[in-house]
Amino acid sequence: MALLPILEFPDPRLRKVASTVTDFNEKLEVLIHDMFETMYDARGIGLAATQVDVHRRLLVIDISENKDSPLTFINPEFEVIEGELSEYDEGCLSVPGFYETVSRPRVIKVRAQDQSGKPFEMTADGILAVCIQHEIDHLEGKLFVDYLSSLKRQRIRNKLEKEHKKSA
Amino acid sequence: MAIRTRAAAALILQKLLLGKGSLGASLDLHREQNDYQLLQEMCFGCCRWFHQLDFLLLQLRSKPFKRKDQDLRSLLILGLYQLKFMRIPDHAAINETVDASDDLNKRWARGLTNAVLRSYQRQRKELEEGLQRADLPKRESHPEWLVSILAQSWPKQFEDILTANNCRPPFTLRVNLSMQSRQQFLDTIDQADIKARAGKLAASAVYIDQPLPVSKIPGFFEGAASVQDEASQLVPELLQLTPGLKVLDACAAPGGKTCHILESEGSLTTCIALDRSPTRLIKIEENLERLQLEACLLCADGNDRDSWWSGEAFDRILLDAPCSASGVIRRHPDIKLLLTPAQLERLILEQERLLETLWTCLKPGGLLLYTTCSIVPQENQAQINRFLGQHNDAKYESITADWGVECESGRQLLPSADSGTDGFFFSLLRKL
C-alpha cells in the first residue's frame, strides 16, 4: 500500500500513450489499490495510470462524496451516444489549482474490463461521462488543457513551472 | 480529474456574476455527483442572500474586486453564507473555504480568505447590527431597482413579497384528475408515509410537506401526478375547455400546462404545443409520454407566424409569455443576479409582439389567456391595457375568483410568506 507521486503538467511523461493491459495478476491489483489510495488522498474523483507514471490502459474513478463507489476501468473504450455537448469546469490532479470550461459529448457508452479481466459495458452521463472521457484522454497522452486556447495553456504552464521551481 | 464542492460553487456563482448561463443549467452538470445536494444548497443560498452577503463583504474588504477576481469574490460570499446560514461548524467552513482558494488557483488569496472570514466571525454582532440599519434592498437581499419597482407597484404588499422571495418554495404536485380523484391520490401517498395536504385554489393541487425525489411518489412514472406550482394549475379552468375545440399553447415548454390542458379535456380537436427551443421541446415530449397524452409539437418562434401557422384559427390560445420571472424568485434566486432593467424592457417588447401576432390566430368568439410568472405590472396589466386600447375587437373578461388581487385588466397572485403559490398574472381576453 503506498501513495504514488502524481506527475504534473508540463511533465513530458504525461504525453506518453499507454499500452493495453494483458496480465490480470496480483501486481495489477496492488496498482489499482494504490491508485485509489492516491486519488482519495489528493481529493480527486478520477485518476489514470499515466498520471502516476504507469503507462498502461487503466483508470480509477469515484465520483461519490463518501468515497464508497469505486469504479475501475481497464482497457476502456467509449462511443458517443448523444452528440450534444455539455460544458463543465474541469480540473485535474496533474494540473493542480486550475479549472477551465471544457465541452464534451454528454452521453457515452463505455466498454472496459474489470480487475479480473471480465468485460463490461455501461452508459454514462453527467459528471461521470465527463470524468471517464477526461481520464481516457490521459491514456492517449492528452490533457484537458489541450482543449484550451494556446494562450491559456501557456499561462497555466508558466504558473505551474514557477511553482515547481519554487518547491524544487 | 479533480473537483471541489466549494470551488465548483464559487465558479457557478462567478458565472452568474459575469451574466453567463443560469443556475439551473450550471447545476445540471453536477447532478450525478453525490455532493450535489450540498452544492445546490450553497448555490441557491448564495444567490438568495447575495445582495446582503455582498454588503457584509464590503464592510470586511472595501477594495473592489477586479473582473478576473470575481471567482474570489464568489468564494468569499460562499464563505459568509456558510458562516451565517449553514449548520457547518465555523472552523470547518473556514478551513474548507480557505482550501478552496487553492482550487481556484488563487493560493495568494488564502490569507485574505482566512482574514475576511475570521473577521466576520469576530465582529459578527456589530456587522449584523449594521445590516439591520441598512436599507431594505440590503436587508432583504434584492437588487435596488427591482425593489423600487415593487415598492411602487405593490405599496402594501411589497415587504411581504420580498420576505416570500427569500423563503424556500413549497413542493407542489398536480394530481392527474383524469386518472383518479385528488382524495384517492392523497390516500395513496398517505399509505406511502408521505405527508401532504390539498391546495386551496386549484382542484388538482397537492402540497407535499417534505421535498422528495419524484421517483418516491407512487405512480409518478405512470402519470399519476406532475410537479407544478398551484398558480399554473389554475390555467385550464380559466380556458373554459369543451370537446371539439382547437387549442394553442404558444410558449409551451416544459409542457406542464399543455399536459394539464389535455388531462382536463380529453376530446379537443387539436392541441398544438409551440416552443422555439428544440431542447426544451424535448421536455414537453417527455412529459406527454409519461402522462400518455398526445399533442402536436411545433418548434418555431411564435412571432414568425408564417413558419408554423396553417391559417386555421384557434378557439383558445394560451400565451404564457416569456417574462422576468419576478414572481418565482424563491424558485430561481439567480434572477436576482441576472435580471436587468434592459432585459425587462426587451421582454416587455417581446410580450407585446407575441400578443399582437397570436391575436390574429384567434377565432372571433375565441379566448386568449395571457399569463406570466411576473409581478411587474408593466409586463402584466399595463401590457393588457395597452393592447385593449389598440384593439377594438378585444374584450377583457374579468376573472371571478376568491384568489389573488383583482387588477384593472387581470388577476394577480403575489408571492406571500403564508400562501403557497408563486407570483402569477392572468388576463382573459375574448375576441369579438
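Biologist: Is Glu397(B) buried, partly exposed or exposed in this model?
Modeller: The model is predicted, and Glu397(B) lies in strand β10 of chain B, residues 394-397. Glu397(B) has 16% relative accessibility, so the class is buried.

Biologist: Which residue has a side chain joined to that of Glu397(B) by a polar contact?
Modeller: Beyond four places in sequence, Glu397(B) is in contact with Leu367(B), Leu428(B) and Arg430(B). The polar contact between side chains, at 3.0 Å, is with Lys395(B).

Biologist: Which side chains meet in a salt bridge between chain B and chain A?
Modeller: The interface brings 21 residues of chain B into contact with 31 residues of chain A. The count of salt bridges between these chains is 1. At 3.4 Å, N to O, the pair is Glu163(A) and Arg107(B).

Biologist: Which element gives the most residues to the side of chain B that touches chain A?
Modeller: On that side, at least two residues each come from α1 (5-17) and α6 (90-103) of chain B. The element that gives the most, with 4 residues, is α6(B).

Biologist: How many charged residues are on the side of chain B that touches chain A?
Modeller: Sorted by class, that side of chain B has 6 nonpolar and 6 polar residues. The charged residues there number 9.

Biologist: What share of the area buried between chain B and chain A do carbon and sulfur atoms give?
Modeller: Across this interface, 6 residue pairs are in polar contact, both residues at pLDDT 80 or more. The buried area is about 2,200 Å². Carbon and sulfur atoms give 51%.

Note on methods. Residues are numbered from 1 along each chain as its sequence is written. Chains are lettered from A and ligands numbered from 1 in the order in which they are written. This is a predicted model: local features need pLDDT of at least 70, side-chain atom pairs count only at pLDDT 80 or more; totals for chains, interfaces and linings use all residues. Side-chain values use heavy atoms; hydrogens and water are left out. Contact means heavy atoms within 4.5 Å. Buried area is the accessible area (1.4 Å probe) that two parts lose on being put together, summed over both. A salt bridge is a side-chain nitrogen of Lys or Arg within 4 Å of a carboxyl oxygen of Asp or Glu. A polar contact is a pair of N or O atoms within 3.5 Å; within protein, one must be able to donate a hydrogen and the other to accept it, and residues adjacent in sequence count only if both atoms are side-chain atoms. Ala, Val, Leu, Ile, Met, Phe, Trp, Tyr, Cys and Pro count as nonpolar, Asp, Glu, Lys and Arg as charged, and the others, Gly among them, as polar. Buried means under 20% relative accessible area, exposed over 50%, partly exposed in between (1.4 Å probe, protein chains only).
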